[in-house]
Amino acid sequence: MATAVLTPDQLDGQAARLHDTQAWQRIVTGWGHTAAEPAPAPTPGPATPSDWRGLLSVPVDRLIDDTLRALPAPSPHERPLPGRLGAMLPDRVHLWRRVGQSDLRPSAHLGYARQILAEWGWQNTPYRLRNARGARCVCGAMVSAHRLGYGSLDTVDRAGAWLITELRAQGWSGLIGPWNRYPGRTAADALALVDATIRRASLAGQ
């Protein structure tokens, strides 16, 4: 089965270009303001079991919606990743896993990329998808997740744009690759970045 070839550097560049578009900036800056403004709170009065809603500062529907948006992406559990040998094999060996797979939200795709980093390991060799042990860089984990059937190329691009959005919020102005191989970077840093990005995308409904 033919599939598009995507390298970590290509993903990094595509995600950066998407992040810089006006449409993406509207998503990033406007997702927290899409809910209707809360109605003015009623004048406080004696509380009774039948008027408990009057004690709330925002409508119940808004509270429910905000709670649902705050839920993290489901943890990947449908299919286990290939083992350590599978991590070291070329990704094309796993292309059969894409058959019949539906698309995912970017936050769910990032959940699988996190699983790859946690189970197969993280590495920061410059310009390498993985090292000899099968460990991946952050972008490499996202590319591998795609090749294993977890998300379309468009989803990978959007997940990368969310990663760059999170990096900008943390004060990093460069791309994902240079962040990954910055001196002193650790696997814990990489997992924390992905976790923060999953939460940011989940809160945006993505």
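How are helix 7 and helix 9 oriented to each other, roughly parallel or roughly perpendicular? That was what I wanted to know when I opened this predicted model.

**Entry 1: helix 7 against helix 9**

I looked up the packing of helix 7 (residues 153-169) on helix 9 (residues 187-203) and found an angle of about 105°, with the axes 9 Å apart. Angles of 65 to 115 degrees count as roughly perpendicular, so helix 7 and helix 9 are roughly perpendicular to each other. Next I listed who makes the contact: W162, L163, T165, E166, L167 and A169 from helix 7, and L193, A196, T197, R200 and A201 from helix 9. Sorted by class, I have seven nonpolar, two polar and two charged residues in this contact.

**Entry 2: helix 9 by itself**

I then checked the span of helix 9. Its 17 residues reach 24 Å from the first C-alpha to the last, close to the 24 Å expected at 1.5 Å a residue. I noted the buried residues of helix 9 as A190, L191, L193, V194, T197, I198, A201, S202 and L203. After helix 9 comes G205, and I read a positive phi there, near 75°.

**Entry 3: the end of the chain**

Is Q206 buried or exposed? I placed Q206 in the segment after helix 9. With a relative accessible area of 15%, under the 20% cut-off, Q206 is buried. Setting aside neighbours within four places in sequence, I found Q206 in contact with W24, I27, R105, P106, S107, R158, W162 and A201. W162 and A201 were already in my notes, as part of the contact of helix 7 with helix 9.

**Entry 4: H19**

I went to helix 1 (residues 8-19), where H19 sits. Its relative accessible area is 9%, so I put H19 down as buried. Which residues does H19 touch, leaving aside its neighbours within four places in sequence? My list is W24, Q25, A161, I164, T165 and R168. W24 is also a contact of Q206. I also took the C-alpha to C-alpha separation of H19 and L163, which is 9.4 Å in space for 144 residues in sequence.

**Entry 5: helix 6**

How many of the residues of helix 6 are buried? I counted 10 of 10 for helix 6 (residues 138-147), which is mostly covered. Among these buried residues are C139, M142, H146 and R147. I looked for what does the covering, and it includes helix 1, helix 5 (106-120), helix 7, helix 8 (176-180) and helix 9. G149 follows helix 6 with a positive phi, near 105°.

**Entry 6: helix 5**

Helix 5 is mostly covered too, with 12 of its 15 residues buried. I wrote down several of them, including P106, S107, H109, Y112, Q115 and W120. P106 and S107 also turn up among the contacts of Q206. From first C-alpha to last, helix 5 reaches 21 Å, close to the 21 Å expected at 1.5 Å a residue. Just after helix 5, I found G121 with a positive phi of about 100°.

**Entry 7: the whole chain**

I finished with the totals. The chain has nine helices and zero strands. Of its 206 residues, 41% are buried. I also checked contacts between residues at least 6 apart in sequence, and 74% of them join residues at least 24 apart. The accessible surface comes to about 11100 Å², and carbon and sulfur atoms account for 59% of it.

Note on methods: Residues numbered from 1 in each chain as written. Predicted model: local features only at pLDDT ≥ 70, side-chain atom pairs only at ≥ 80, totals over all residues. Heavy atoms only, no water. Axes fitted to C-alpha atoms, helices over the stretch in contact; angles between N-to-C directions. Helix = DSSP H or I, 4+ residues; strand = E, 2+ residues; numbered from the N terminus. Parallel < 35°, antiparallel > 145°, perpendicular 65-115°, else oblique. Contact = heavy atoms within 4.5 Å. Nonpolar A, V, L, I, M, F, W, Y, C, P; charged D, E, K, R; others polar. Buried < 20%, exposed > 50% of the residue type's maximum accessible area, 1.4 Å probe, protein only. Expected span 1.5 Å × (residues − 1). Areas by Shrake-Rupley, 256 points an atom, 1.4 Å probe, with all protein chains shown as cover.
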